[in-house]
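This report covers side-chain charge pairs and sheet architecture. Please read it alongside the sequence and coordinates shown below.

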Amino acid sequence: MTMTDPGPVLPDHEGVKTTRRVLLGMLTPSSNTVVEPVTTAMVADLPEVSVHFSRFPVTEITLSDEALAQFEPGRILAAAKLLAQARVAVITWNGTSAAWKGFASDDDLCRQITAETGIPAASSVLAMNEIFAATGVRRIGLVTPYLEAVQERIIASYTAAGYHCVAERHENDPGNFSYSEIGEDLIAQRIREVATAQPDAIAVVCTNLFGARVAAVMEAETGIPVYDTVATGLWKSLVLAGIDTARVTGWGTLFKTRLNNLPSA
């Protein structure tokens with residue numbers, strides 16, 4: 001499957017014309033319970049699009065050797081190869097480990113996925129960074145559920161890339177399943193708190209957090225773009241699959257973003 005291939009076409013049956021399907025592949029940690037329902041909800045008004053998921057073991061987010069080993073490329077590639085059997089148009093790592101491991105880890109992973117499967121690959125974190133770079137974001141607000149040590153690594157990654165974190169909030173939780181039990185009211189409050197520093201954009205970094213559900217409301221309240229990593233993963237997947245992202249409505253300004261350096265929908 002090539003970068004311009006929109007995905008599989010159903011065969012005609014008994015003279016009945018069929019509709020082209022666009023199948024999106026997502027890789028997600030085993031203990032994540034947010035990516036699937038939220039992503040599916042976001043594409044609900046795109047009848048030709050469906051999202052398909054493959055998991056690999058992740059149960060905690062810390063900086064221990066054991067926790068970091070959960071994200072070894074071999075484990076993720078095995079899950080990606082299973083998705084490839086579904087003939088998806090794109091495979092997206094819908095997780096945020098590169099934020100604390102270093103962005104190069106996702107660059108390498110995406111290259112390996114494409115080399116192994118022949119399918120374009122993306123990641124939520126790289127998509128977030130792409131949006132930041134193309135829209136002139138330099139000052140960011142950061143909201144996560146992570147431990148302080150993990151948060152410090154994330155801030156260091158963005159600082160090294162030329163961004164300035166002007167405000168941050170984190171819940172100091174080793175997770176990973178527990179992140180999905182953080183209420184939307186608390187997420188919204190954390191966004192309000194970092195918004196007081198007037199960043200160029202607010203990043204909600206964790207794909208097991210219901211940040212996407214509050215993004216549009218908080219953008220309207222604060223006047224600041226709110227980019228959630230579940231949403232950025234889907235956004236990039238749609239771009240690579242040739243789908244007009246503006247068709248996704250009610251989930252924030254992200255999906256209205258048109259970038260000159262990306263394939264046109």
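Is Arg169 buried, partly exposed or exposed? Arg169 counts as partly exposed, because its relative accessibility is 32% and the partly exposed class lies between under 20% for buried and over 50% for exposed. The model is a predicted one.

Arg169 takes part in a salt bridge with Glu193, with an N to O distance of 2.8 Å.

Arg190 and Glu193 are both buried. Through shared partners, salt bridges join Arg169, Glu171, Arg190 and Glu193 into one network.

Over the whole structure, the search finds 10 salt bridges. One of the salt bridges is formed by the side chains of Glu36 and Arg55, at 2.3 Å from N to O. Glu36 lies in helix α1 (residues 35-42) and Arg55 in strand β2 (residues 49-56); the two are 19 residues apart, and the pair links distant parts of the chain.

How exposed is Glu36? Glu36 has a relative accessible area of 25% and is therefore partly exposed. Arg55 is likewise partly exposed, with a value of 34%.

## The four-stranded sheet

In what order do the strands of the open sheet run? The order is β2-β1-β3-β4, in a sheet of 4 strands with parallel pairing. Strands β2 and β4 (121-123) stand at the edges; each has a single partner strand, so one side of each has no neighbour in the sheet. On average, neighbouring strands are turned by 25 degrees against each other, direction ignored.

Within the sheet, strand β1 (residues 22-29) pairs with strand β3 (residues 90-93) in the parallel sense, over 4 bridges. Met26 stands opposite Thr92 in β3.

Helix α1, which contains Glu36, lies across β1 and β2 and runs at about 170 degrees to β2. Helix α6 (residues 124-135) lies across β3 and β4, at about 75 degrees to β4.

Methods:
Residues numbered from 1 in each chain as written. Predicted model: local features only at pLDDT ≥ 70, side-chain atom pairs only at ≥ 80, totals over all residues. Heavy atoms only, no water. Salt bridge = Lys/Arg side-chain N within 4 Å of Asp/Glu carboxyl O. Buried < 20%, exposed > 50% of the residue type's maximum accessible area, 1.4 Å probe, protein only. Pairing = 2+ DSSP bridges. Axes fitted to C-alpha atoms, helices over the stretch in contact; angles between N-to-C directions. Contact = heavy atoms within 4.5 Å.
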